[in-house]
Amino acid sequence: MNLVACFPGKYIQGRRAILNLEKMMNQFGDKAVILTSPTARKYLPAHFVHANSSSQVSTAHFGGECSEEELEALMQQICNERADVVVGMGGGKVIDAAKIAADRAEVPVIIVPTIASTDAPCSGCAVTYTNDGVFEKVHYQRMNPSVVLVDMDIIAKAPVRFLVAGMGDALATWFEARSCAATSSVNECGGLSTMAGQNLARLCYDILLEYGLQAKLDNEAGVVSQALSYVTEANILLSGIGFESGGLASAHAIHNGLTALEETHAFYHGEKVAFGLLAGLNLNGTADHEIEEVYRFCVSVGLPVTLAELGIAGVTKEKLMQVARKSVETGSPIHHEGRGITAENVYDALLKADVTGQRFIAEMG
Ligand SMILES: [Zn+2]
């Protein structure tokens with residue numbers, strides 16, 4: 001199998017970086033369609049907001065779900081207006097819709113994340129849901145986004161829970177990449193991981209440990225600081241390249257398992273991934289001092305370390321087994337941890353992660 005790595009074409013991050021959007025769009029042609037969520041719309045330069053379908057730029061309304069219906073409407077607009085480039089600006093679902101629609105229309109896509117809550121912006125894959133919000137399918141695009149533009153003034157104003165969830169998603173990156181390397185498992189680009197994939201994943205983890213807590217405090221204060229800038233890069237760029245070029249393993253598999261329980265739907269992707277990581281560390285012989293390091297980090301920034309913190313205190317054995325069974329489905333990345341992982345193993349790992357979490361909460365108070 002070949003080594004394969006994927007990257008966004010260009011990554012720009014900084015204060016008022018949004019001012020680069022027009023120049024970036026112009027590089028691809030005369031006509032752009034900008035898809036935004038209602039909350040992200042206020043960050044668009046004013047002359048874009050008042051544009052209409054005959055202007056150089058038009059805006060598309062996002063209905064809230066990255067579903068086939070939504071994609072169809074967006075495709076219609078892209079084709080009718082003969083757009084040369086699509087911009088997706090907002091949170092994860094807007095970004096995913098823009099990526100899939102642009103790929104189908106065979107035009108480049110520029111991604112402007114307004115929160116640092118996941119590592120989706122830089123990747124070449126996206127997820128669709130039914131109109132009721134139930135996970136449907138992962139879609140792989142031919143190429144990664146042409147440009148990812150991150151405005152730190154926008155990120156610093158976002159609610160802190162998004163940044164913390166993004167740290168949860170990014171926290172798992174190194175451990176999952178390491179497991180894939182240890183078992184020569186396929187990464188998310190369909191190959192084996194490069195040194196770039198492995199080392200960027202490790203850098204992502206190191207930055208979180210050193211600057212994660214400070215970044216959270218700065219985000220709470222709405223301050224664009226060095227720590228917030230480093231962690232934003234870790235959450236969006238390093239974790240993005242790290243998971244795609246390094247690969248996924250138990251943390252995301254257990255995340256997928258947890259989505260089987262309705263009670264966890266109120267929790268963000270990265271929050272479930274963080275707990276998935278804590279459980280997953282029990283499946284691959286991770287050293288105690290490393291497990292302790294991860295728990296201490298999670299408790300310090302407020303990522304969930306117990307089942308209660310994921311809204312499933314006192315969950316029945318039957319329900320937890322449902323999570324475990326979904327985590328080990330055929331094709332699940334949990335099998336990148338090694339051979340023979342069963343639902344019973346995952347069930348035990350979930351309980352152990354919970355008990356250990358309770359101990360650290362009591363200790364760190
Ligand atoms: Zn993720």
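This is a predicted model: local features need pLDDT of at least 70, side-chain atom pairs count only at pLDDT 80 or more; totals for chains, interfaces and linings use all residues.
Trainee: What box do the C-alpha atoms of the chain fill?
Mentor: Along the principal axes, the box is roughly 60 × 40 × 40 Å.

Trainee: And how many helices and strands are there?
Mentor: The chain has 13 helices and 8 strands. They're DSSP runs numbered from the N terminus (helices: H or I, at least four residues; strands: E, at least two).

Trainee: Which domains does the domain assignment give?
Mentor: Domain 1 covers 10–155 and domain 2 covers 160–364, with bounds from an automatic or database assignment. Their centres, over C-alpha atoms, are separated by 27 Å.

Trainee: How many residues of each domain are in contact with the other?
Mentor: It's 19 residues of domain 1 with 23 residues of domain 2; contact needs C-beta atoms, placed from the backbone, within 7 Å.

Trainee: Which elements give two or more residues to the domain 1 side?
Mentor: On the side of domain 1 that touches domain 2, those are β1 (10–14) and α5 (152–157). The largest share, 3 residues, comes from α5. By class, that side of domain 1 has 11 nonpolar, 5 polar and 3 charged residues. Ala, Val, Leu, Ile, Met, Phe, Trp, Tyr, Cys and Pro count as nonpolar, Asp, Glu, Lys and Arg as charged, and the others, Gly among them, as polar.

Trainee: New topic, helix packing. At what angle do α3 and α4 cross?
Mentor: α3 (residues 68–80) and α4 (residues 92–105) cross at roughly 50°, and their axes come within 9 Å. Axes are lines fitted to C-alpha atoms, for helices over the stretch in contact, with angles from 0 to 180 degrees between N-to-C directions. So α3 and α4 are oblique to each other (under 35 degrees is roughly parallel, over 145 roughly antiparallel, 65 to 115 roughly perpendicular, the rest oblique).

Trainee: Which residues of α3 and α4 meet?
Mentor: From α3, you've got Glu70, Leu71, Leu74, Met75, Ile78 and Cys79, and they meet Ala97, Ile100, Ala101, Arg104 and Ala105 of α4. The class count for this contact is 9 nonpolar, no polar and 2 charged residues.

Trainee: OK, what about α9 and α12, how far apart are their axes?
Mentor: 7 Å, and α9 (residues 250–258) packs on α12 (residues 317–327) at an angle of about 135°. In α9, Ala253, Ile254, Asn256, Gly257 and Leu258 meet Val323, Ala324, Lys326 and Ser327 in α12. This α9 contact with α12 has 5 nonpolar, 3 polar and 1 charged residues.

Trainee: And where do the axes of α12 and α13 come?
Mentor: Within 8 Å, crossing at roughly 125°, with α13 spanning residues 343–364. α12 is therefore oblique to α13. The α12 residues Leu320, Met321, Val323, Ala324, Arg325 and Ser327 meet Ala343, Val346, Tyr347 and Leu350 of α13. By class, α12 with α13 has 8 nonpolar, 1 polar and 1 charged residues.

How values were computed
Residues are numbered from 1 along each chain as its sequence is written. Two residues are in contact if their C-beta atoms, placed from the backbone, lie within 7 Å.
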